[in-house]
Amino acid sequence: MATNGVVGYTCINMTYVYLCLVLVLIQLNMLPAEGTAVQFCSFYDNRSPRPQPQLTNCTWYKDNSCCMQHEIEVMFSQVKPLQGSSVTCQRYVNYLMCYICSPHQGEFYRMQKLTVCSEFCNDFYKACSDSILKGRVISNLYQNGTHFCKSRRLEVKKTQCFNFDSDLDLSSGLSPMSHNTQLFTLSLSFLLLGTSTNLY
C-alpha cells in the first residue's frame with residue numbers, strides 16, 4: 001500500500017511538473033503556433049533542422065536545413081545520369097533530391113518512404129517525358145505522372161506530400177548554374193533505394 005501511495009504521489013508530481021513546464025513555454029512563446037507542424041528531420045534520425053549557410057545546392061534551405069553540405073555531396077555524387085533531360089527536367093529532379101534538406105520532411109518522409117504530391121508527379125512527368133530511362137523514352141514507359149512516380153517507388157498523395165514550390169526554388173527561370181546551385185541530370189535509383197544500385 002505504501003508503494004502505491006509513493007507511485008501515485010510521484011505521478012501527481014510529474015504531471016504537475018509537466019503542466020508547469022508547458023505554462024512556462026507558453027509564456028516564453030516557445031511552443032509552436034496552433035496548426036504549425038513541429039519541424040524535424042525524419043531522413044536523418046529526427047534531428048532538428050538548423051542554418052546551413054555553406055550549402056552550394058538546395059540553397060533555398062540555407063536558413064533552416066535538415067541537410068549539411070557534405071551530405072548533399074555524398075547524395076548527389078552517387079546517382080547516375082538521366083539521359084536527354086531538358087533544363088526543366090533537371091530542375092525538377094534537383095528539387096526532388098533536395099527533399100533531404102527540407103525542414104518539413106517529417107510531413108512527407110515517413111517509414112523510409114517519400115510521399116510526393118500528385119501535382120508534382122504530373123509536372124515532373126511532363127518535364128521529363130522526353131528523357132531516357134531504362135533505355136526507353138519516359139513517355140513510352142509510363143502512362144502519366146502518378147504511374148511514373150509509383151514506378152520509382154514513391155508514394156503519391158494530394159496532402160501531406162512533397163511538392164514543387166517555385167518561391168523556394170531559386171533556380172526558377174535562371175540558368176542551370178545560377179546561385180551556385182548546380183543542377184544534376186539524375187536517375188532516381190539512389191534516391192529511392194538508398195543505394196547506387198543500377199536499375200537499368
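Tutor: Start with a ring and a charge. Arginine 47 lies over the face of tyrosine 44, at 4.1 Å from the ring centre.

Student: What makes arginine 47 count as lying over the ring of tyrosine 44?

Tutor: The cut-off is 6 Å from the ring centre, together with an angle within 35 degrees of the ring normal. Arginine 47 is at 4.1 Å and lies over the face of tyrosine 44. Keep in mind that this is a predicted model.

Student: How much confidence does the predictor have in the chain?

Tutor: The mean pLDDT is 75. Of the residues, 64% reach 70 or more. Where pLDDT is low, the predicted coordinates should not be read in detail.

Student: What is the overall make-up of the chain?

Tutor: Seven helices and five strands. Along the sequence they follow the pattern α-α-α-β-β-α-β-β-α-α-β-α. Buried residues make up 40% of the 200 residues.

Student: Why is glutamine 52 called buried?

Tutor: Buried means under 20% relative accessible area. Glutamine 52 has 6%, so it is buried. Glutamine 52 lies in the loop between helix H1 (2-27) and H2. Beyond four places in sequence, glutamine 52 touches Lys62, Ser65, Cys67 and Met68.

Student: And proline 51: buried or exposed?

Tutor: Exposed means over 50%. Proline 51 has 54%, so it is exposed. Proline 51 is in the loop between H1 and H2. Its contacts, leaving aside neighbours within four places, are Lys62, Asp63 and Asn64. The C-alpha atoms of proline 51 and asparagine 64 are 4.5 Å apart, though 13 residues separate the two along the chain.

Student: Why is lysine 157 called partly exposed?

Tutor: Lysine 157 is at 47%, so it counts as partly exposed. Lysine 157 is in strand S5 (residues 155-157). Leaving aside neighbours within four places, lysine 157 is in contact with Thr115, Val116, Cys117 and Ser118.

Student: Where is lysine 134, and what is its phi?

Tutor: Lysine 134 is in the loop between strand S3 (132-133) and strand S4 (136-137). Its phi is near 55 degrees, positive in a residue other than glycine. Lysine 134 has a relative accessible area of 41%, so it is partly exposed.

Student: How do you know that helix H3 is mostly covered?

Tutor: Count its residues. Nine of the eleven in H3 (residues 87-97) are buried. Among them are Cys89, Tyr92, Tyr95 and Leu96.

Student: Which residues have the most contacts inside the largest nonpolar core?

Tutor: Leu114, Val116, Phe120 and Phe162, in a core of 44 residues. The elements giving two or more residues are helix H2 (69-77), H3, strand S2 (113-117), helix H4 (118-128) and helix H6 (145-151). Phenylalanine 120 is among the buried residues of H4. Beyond four places in sequence, phenylalanine 120 is in contact with Tyr92, Tyr95, Leu96, Phe162, Asn163 and Phe164. The cover over the buried residues of H4 includes H3, S2, helix H5 (138-141), H6 and S5.

Student: How many aromatic pairs are there?

Tutor: The structure holds 18. One of them joins tyrosine 99 and tyrosine 109, and it is tilted.

Student: Why is that pair called tilted?

Tutor: Ring centres must lie within 6.5 Å to pair. Here they are 5.7 Å apart. Planes under 30 degrees apart are stacked, and over 60 they are edge-to-face. The angle between these planes is 35 degrees, and the pair is tilted. Tyrosine 99 lies in the loop between H3 and strand S1 (109-110) and tyrosine 109 in S1, so the pair ties together parts ten residues apart in sequence. Both tyrosine 99 and tyrosine 109 are buried.

Terms used:
Residues are numbered from 1 along each chain as its sequence is written. This is a predicted model: local features need pLDDT of at least 70, side-chain atom pairs count only at pLDDT 80 or more; totals for chains, interfaces and linings use all residues. Side-chain values use heavy atoms; hydrogens and water are left out. Buried means under 20% relative accessible area, exposed over 50%, partly exposed in between (1.4 Å probe, protein chains only). Helices (H or I, at least four residues) and strands (E, at least two) are DSSP runs, numbered from the N terminus. A nonpolar core is a set of buried Ala, Val, Leu, Ile, Met, Phe, Trp, Tyr and Cys residues joined through side-chain atoms within 4.5 Å. Contact means heavy atoms within 4.5 Å. Rings of Phe, Tyr and Trp (its six-membered ring) pair if their centres lie within 6.5 Å; planes under 30 degrees apart count as stacked, over 60 as edge-to-face and the rest as tilted. pLDDT is the predictor's confidence in each residue, from 0 to 100.
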